[in-house]
Amino acid sequence: MARRDTGTDDPRVRVRPNRRGSRPRTKQRPAHEDAVIGMVTRIDRGHYRIRLEDPTLTEDGSGDITAMKARELGRGKVVVGDRVGAVGDVSGRKDTLARMVRVEERRTLLRRSAEDGDAAGTERPVVANAELLVIVTAVADPEPRPRMIDRYLVAAYDAGMEPFLVLTKSDLADAGPLLALYEPLGVVSVATHLERAVREAGPDGAAAGTGVDAVRERIAGRTSVFVGHSGVGKSTLINALVPEAHRVTGHVNEVTGRGRHTSTNLQAVALPGGGWVIDTPGVRSFGVAHVSSADVLRGFPDLAEVAEDCPRGCTHEEGVIDCALDEWAAATDVEAAVREQRASRVASFRRLLAPSLEAEDPTIPTGHHR
């Protein structure tokens with residue numbers, strides 16, 4: 001059968017006009033060289049609160065604007081701490097929206113896995129461009145959880161952030177043993193009497209003494225992320241450091257011993273004199289399955305030094321032959337209390353190591369990696 005020639009005069013051929021014109025589509029996006037730069041300080045239902053680097057651009061001089069993410073940014077996650085470019089109405093007036101069109105390169109990125117058993121690639125970005133991870137842990141009420149602290153250390157080293165351990169409620173119990181556990185690792189630590197600090201706040205509302213000054217000095221001029229499980233007093237500490245923050249505080253349940261979630265979203269608060277504090281919601285777990293097995297060891301500097309004597313290819317799992325960690329933990333030339341502490345450190349390390357090994361090679365059961 002001969003092929004029919006359908007020309008433009010053939011009435012049987014319907015040609016629909018392009019309503020958008022004849023201009024072809026292109027993947028080239030505008031450079032938005034006129035975009036103004038700012039930092040994302042809060043995210044609420046698709047609205048991004050941004051503090052501009054040049055506050056004079058806003059009508060009230062605060063530098064705060066609200067923006068929507070441009071479609072051209074795609075589905076990439078934008079998080080608190082991101083430096084972004086915005087165009088459009090950047091006056092910051094009520095009911096105005098700018099358009100966020102660019103995300104600058106990140107210096108650091110704190111991530112967490114939803115659960116330790118999740119597959120690789122399920123990590124969630126939490127905060128960008130922070131320098132300091134402030135790990136807030138109560139000495140009592142609720143009881144401290146060293147394994148949670150270890151997880152935060154692993155996440156900090158993976159993110160390229162410096163960890164800083166702050167112990168609260170040290171008037172309720174002795175903070176010495178917990179401080180002694182982490183100070184040899186080079187982790188800067190400080191104990192605070194948080195509730196007393198609030199009562200001793202001066203006329204300007206700023207708390208002094210009781211360890212709060214040491215925290216204030218450490219975070220001054222830097223971007224810090226406060227993390228910790230529920231009830232340890234993150235929000236109360238932030239209110240002591242920045243009275244105008246007005247973060248909601250709660251109490252520990254007397255029956256369960258667990259804290260109540262009072263911070264429900266991430267919020268960046270400007271520090272007097274420069275710097276930022278980012279408060280995060282309290283959590284009861286912090287997965288690190290996204291961190292590679294090699295990077296997990298970086299979270300345990302004392303064990304990393306010992307592991308240098310392991311044979312090549314050692315996975316450091318329990319039951320692996322000739323693993324130097326086992327010999328170090330069972331050494332007979334140290335006191336029983338030291339051996340117990342070493343064994344606890346090795347056990348905590350291996351607990352975090354297991355999900356990383358499974359994520360790297362899920363076909364091999366944990367305990368059989370070689």
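At 5% relative accessibility, Cys-323 counts as buried, a term that denotes under 20% relative accessible area, with exposed meaning over 50% and partly exposed in between (1.4 Å probe, protein chains only). Cys-314 is likewise buried, at a relative accessible area of 14%. The sulfur of Cys-323 has its closest cysteine sulfur in Cys-314, at 3.9 Å, which is too far for a bond, since a disulfide is a pair of cysteine sulfur atoms within 2.5 Å; a search of the whole structure accordingly finds zero disulfides.

The model is predicted, so that local features need pLDDT of at least 70 and side-chain atom pairs count only at pLDDT 80 or more, whereas totals for chains, interfaces and linings use all residues. Residues are numbered from 1 along each chain as its sequence is written, and side-chain values use heavy atoms, with hydrogens and water left out.

Strand S9 (residues 162-168) is mostly covered, six of its seven residues being buried; strands (E, at least two residues) and helices (H or I, at least four) are DSSP runs numbered from the N terminus. Strand S8 (residues 132-138) runs parallel to S9 and is joined to it by seven bridges, where pairing requires that DSSP find at least two bridges between two strands. Within this pairing, Thr-137 has Leu-167 of S9 as its bridge partner. On the other pairing described here, S9 is joined by four bridges to strand S10 (residues 188-191), also in parallel, and Phe-164 stands opposite Val-188 in S10.
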